Amino acid sequence: MSFVHLHLHSEYSLLDGACRLSDLVENTKALGQTAVAVTDHGNLCGAVDFYKLAKAAGIKPIIGCEVYVAPRKLTDKQHGPDTTPHHLVLLCKNEVGYQNLIYMVSRGWTEGFYNKPRIDKELLVAHHEGLIALSACLAGEVSSKLMTGDYAGAKETALWFQSLFGEDYYLELQNHGLEEQKVINPLIKRLAAETGIGLVATNDTHYLKKEDAFTQKVLVCIQTNTTVDSPSAMEFPTEEFYQKSEEEMRALFPDCPEAIENTVKIAEACNFSFEFGKTKLPDFHLPEGETASENASSEEAHFHYLRKLTMKGFARLYPNPTDAAKERLEYELSVIRQMGYTDYFLIVQDFIAYAKSRNIPVGPGRGSGASSLVAYCLGITGIDPLKYDLVFERFLNPERVSMPDFDVDFCYIRRSEVIDYVIHKYGADQVAQIVTFGTMAARAAVRDVGRALGISYSLVDTVAKMIPRDLHITLDKALEASTELKQRYLSNPQIKRLIDTARALEGMPRHSSTHAAGVVITKLPVWRYVPLMKNDNAAVTQFTMTTLEELGLLKIDFLGLRNLTVIQDTVNHIRRHQPNFDIEKIPEDDPAVFAMLSRGETDGVFQLESGGVRNVLIRLKPTSIEDLTAVTSLYRPGPMESIPRYIECRHHPEKVHYRHPLLEPALRSTYGVIVYQEQVTRICRDLAGYSYGQADLV
């Protein structure tokens, strides 16, 4: 193992790092280094993404954070000359260290935020175990005191940290060509000699290569609303804040080889690993009196209650069930129990039942969750999976271990009442909303960069409008798609500089916000699993929805759907004239409704409003719910190519053709066209003899 970078900021520092995690890992490998640490300022947002990328590349990931330490208490929010927080780098040695770090980082945001998320020394004393501490950059407490000539104070501080962390505390040596570092580096070496504290050579890294310094400057200008021609207090004073090679670092500190060697020693001591794929569901609280038997375990009692609720719904929905329906129900229950998702179904059933008991409109269910018969019997979904031949393995597959995911729609006005119920039931510290990151899309990147470069608005606007409005468009794709843009790019140096700089920043996080629907529910306080931050005074996880799922946590989408509110308002108006009106009993085959849809009169109809879908409806002339299901399934990129054939075969059944007779049972209902994933599953079973689980993997 060669020199290890222990002081590197990624794009998740938002303001401080023009360094993509993927590029960081690639560059680390190119430098021949086998380990690297990411220490974003005050947050761990990129920790899991970094960990996965590094592991995949054969690089050892070191999880850490550069925290802000309040001079007094983290709750002290007075402004003054002695209130500036000091930097401190903390690196995780093990699971205990990670638990302590995410707790302190969370406290820094939820209780200590004052311009920045701050912890304090009292918190460090209680939660230092399992962590390695580095004295940090010029903004560290030791360096700050040395710069003011307070050598005695710097030594006292260093000894305090040494008494707390022991051999796991190091004094950092940095050399970015700054005058201040030339002054204090000899003093840091003197401190190390007098106290026995180890030295470690670090490079405060905010971008990967020296030539990226300009990109970093532009990023700072975007965040501070300044231009590259106007000086900024946040501007980096030299171009030395890049990821240096071992040779470069040794050349910077020729008289301190031990400071280089200690980076390896620290990296070898850091061995924390994230755990993926292990479900960490919260406990469902059984109603009073609900136990299976005196000797039953908690798991047995919960499954007994799930079975009881399911059978009650099954008896109501299927008064005369077939043997196949009974077998399907027993199979689903066995899979749910085997995979450990009993409490998941109970939790979702409980808050949906609460919503319905308060007359809060709830959607019938969307996505693969509608394929579960147990979910239908519990009232989680409102679609009969047997009637529509839906395959349970699309939702829960014993051959593909992944968290189930019910997306539940609520009236957008009253959605918050359901979330409040969940918070009250499981505890405020066990429920949190989820962060999401706004990124620089192609057009936005061009406009932001143009403003930072001081380019005229008219020119920037012209370039931005040449970028196609396609979904997921990138600047590279735009240059391929637009001949005019490519010509301007090649012929105008100013436009080339604009686009090249925007390409370097495109797709990077620009700001954080709260996800509109996602909520995580945990067994223990959320901060025991993931770090928290604050957005608009709400505590949110620092990890995104997909990351939370990978870590095995229960994430639920409480989706607010305006259409449910409109439907409920309509029902309320109807009941003024027909008090007994029940929307659940309206016919699904009303000819007048389908005639209206066939005329393209779909204003206000969810998913059927766009001009393109109206055109399909007019040509198709639907006569059943199945026709509408096919339209919404086909009207997506890719399947859209099959729409003309579907319509033609729908009106001329004699034109239906099957490439093999075994395809007919699966494709008969859609006139020979593959429309649904269930059909692919059935084809794999019928043609290849796969199980439902194997077919789902396909």
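Predicted model: local features only at pLDDT ≥ 70, side-chain atom pairs only at ≥ 80, totals over all residues.
Two packed helices are described by the angle between their axes and the distance between the axes. Here H8, which covers residues 213-224, and H16, which covers residues 442-453, pack at an angle of about 95°, and their axes lie 9 Å apart. Because angles of 65 to 115 degrees count as roughly perpendicular, H8 is described as roughly perpendicular to H16.

In soluble globular proteins, nonpolar side chains tend to be buried together. The largest nonpolar core in this model has 88 residues, and those that touch the most other members are Ile-63, Leu-90, Leu-124 and Leu-171. Helix H3, residues 95-110, provides the largest share of this core, with seven residues.

Leu-124 has contacts beyond its neighbours within four places in sequence, and its partners there include Val-69, Leu-88, Met-104 and Phe-161. Another core, of 51 residues, lies apart from the largest one, and among its members are Tyr-354, Ala-375, Tyr-376 and Val-422.

## The chain as a whole

The protein chain contains 29 helices and 14 strands, and its C-alpha trace spans about 85 × 80 × 55 Å along its principal axes. Of its 698 residues, 52% count as buried, while the chain exposes about 32,200 Å², of which carbon and sulfur atoms supply 51%.

Terms used: Residues numbered from 1 in each chain as written. Heavy atoms only, no water. Axes fitted to C-alpha atoms, helices over the stretch in contact; angles between N-to-C directions. Helix = DSSP H or I, 4+ residues; strand = E, 2+ residues; numbered from the N terminus. Parallel < 35°, antiparallel > 145°, perpendicular 65-115°, else oblique. Core = buried A, V, L, I, M, F, W, Y, C linked by side-chain atoms within 4.5 Å. Buried < 20%, exposed > 50% of the residue type's maximum accessible area, 1.4 Å probe, protein only. Contact = heavy atoms within 4.5 Å. Areas by Shrake-Rupley, 256 points an atom, 1.4 Å probe, with all protein chains shown as cover.
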